[in-house]
Amino acid sequence: MIDEVLNQIGRRQKFLLTSHARPDGDAVGSVLACGEILRSMGKQADVVLSDGVPYIYKPLPFSETVVVSPTVSADYDAAIILECDSVHRTRIEGLERHYLINIDHHSTARPFAHVNWIDPSACATAEMIFRLAREASVKISPEVATCLYTAVLTDTGSFCFNGTTERTFALAQELVRAGAEPSRIAQNVYFANPYSKMRLLGSALSNLHRDGELAWMFISRDEMDRTDAVDEDTEGLVNYALAIEGIEVALFFREQADGRYRVSLRSKGRINVASVAERFGGGGHECASGCAMEGPLSVATERILMQFRLLDGKLLVH
Ligand code: 5GP
């Protein structure tokens, strides 16, 4: 399928690149790197993200070139959608009228585009973008390597998640060779938190609950306001619940401005949380997934908790 993607790219000149709303490290890193790789191939490439670049990824090369918009304002020969399972999840109007190329590594990825390159064996979409550059004989610059390394680092949970293999480290090695600086990237991603995020963490931890191998916590809109937090500050907080000894699955509920809840689901590996997120219209990976649910919190929590059961003290999915 990589050949077909390159074939379609070769036949076109002007590209829009995008990913899902509320982009994570793989979405931002892959889209920025892919845009630059296309430019190296002599193409025009505009990166458009409906929510823009989260502050922790602002230090990434090319982040200042991202257009923040909920609509496509020009005509493109094709739109390349990375790390995203539908046009709808980009929250960008006007993509449908374009030729669509979908590149994704999620196990819940869907073939919604004209060309669909889906590879759940890739540790991140960034791994696929690296392969794309190599197949196209594009040399990886230090800037592109920085974007791809950041994507791999964050999407593997700092090389902790199940999909982290020998191949992941070989990729990381290639990216470091190409100029990515692991310690500088880690400083930017993990050691540059705003004060509001730490205060929000305090609130989340005061709402922590446990039942056997399952832990969950939540954040209300009031708590977000009280701590001056923004949505991006919630990223990664679920891992504090997963970090508890004996916990297999952690859930994090955060109230949104419209009263609905975003739910992050994380697993240490025995339980496939993507299968649970999919029941509520979400998706992701076996160990890291998400979905949106109607409130109130008590109903949303109950509906998700009901998906799990305990058998001889072991957590199972119904
Ligand atoms: P997070 O909990 O950090 O928002 O998301 C964890 C993983 O699940 C990411 O790979 C993200 O792309 C995916 N994910 C989160 N929410 C959704 C959703 O509503 N739909 C789909 N398909 N994937 C999601």
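A nonpolar core here means a set of buried Ala, Val, Leu, Ile, Met, Phe, Trp, Tyr and Cys residues joined through C-beta atoms within 7 Å. Buried, in turn, means that 20 or more other C-beta atoms lie within 10 Å of a residue's own, with exposed set at 12 or fewer, partly exposed in between, and C-beta atoms placed from the backbone.

A word on the model: it is predicted, with local features needing pLDDT of at least 70 and side-chain atom pairs counted only at pLDDT 80 or more, while totals for chains, interfaces and linings use all residues. Numbering runs from 1 along each chain as its sequence is written.

**Cores**

The largest nonpolar core holds 60 residues, and I80, I129, L148 and V152 have the most contacts inside it. Another core, of 34 residues, lies apart from it and includes L237, L242, A288 and C291. In soluble globular proteins, nonpolar side chains tend to be buried together.

Helices (H or I, at least four residues) and strands (E, at least two) are DSSP runs numbered from the N terminus. Strand 4 covers residues 78–82, and five of its five residues are buried. That goes for both faces: A78, I80 and L82 sit on one side, A79 and I81 on the other. Two strands count as paired if DSSP finds at least two bridges between them.

| Pair | Sense | Bridges |
|---|---|---|
| Strand 1 (residues 14–18) and strand 4 | parallel | four bridges |
| Strand 4 and strand 5 | parallel | four bridges |

Zooming in, I80 in strand 4 stands opposite L17, and I81 has N102 of strand 5 as its bridge partner.

**Around H106**

H106 sits in the loop between strand 5 (100–104) and strand 6 (115–118). It counts as buried because it has 22 C-beta neighbours inside 10 Å. Taking contact as C-beta atoms, placed from the backbone, within 7 Å, H106 touches D85, P120, G283, G284 and H285, leaving out residues up to four places away in sequence.

A residue is near a molecule if its C-beta atom, placed from the backbone, lies within 6 Å of it. There are 13 residues around the ligand, and S264, G282, G283, G284 and G290 come nearest. Strand 11 (283–284) and strand 12 (288–293) are the elements giving two or more residues to this shell, with strand 12 giving the most, five residues. Domain 1 (2–190) and domain 2 (195–317) each supply at least three residues; those bounds come from an automatic or database domain assignment.

Technical notes:
Contact = placed C-beta atoms within 7 Å.
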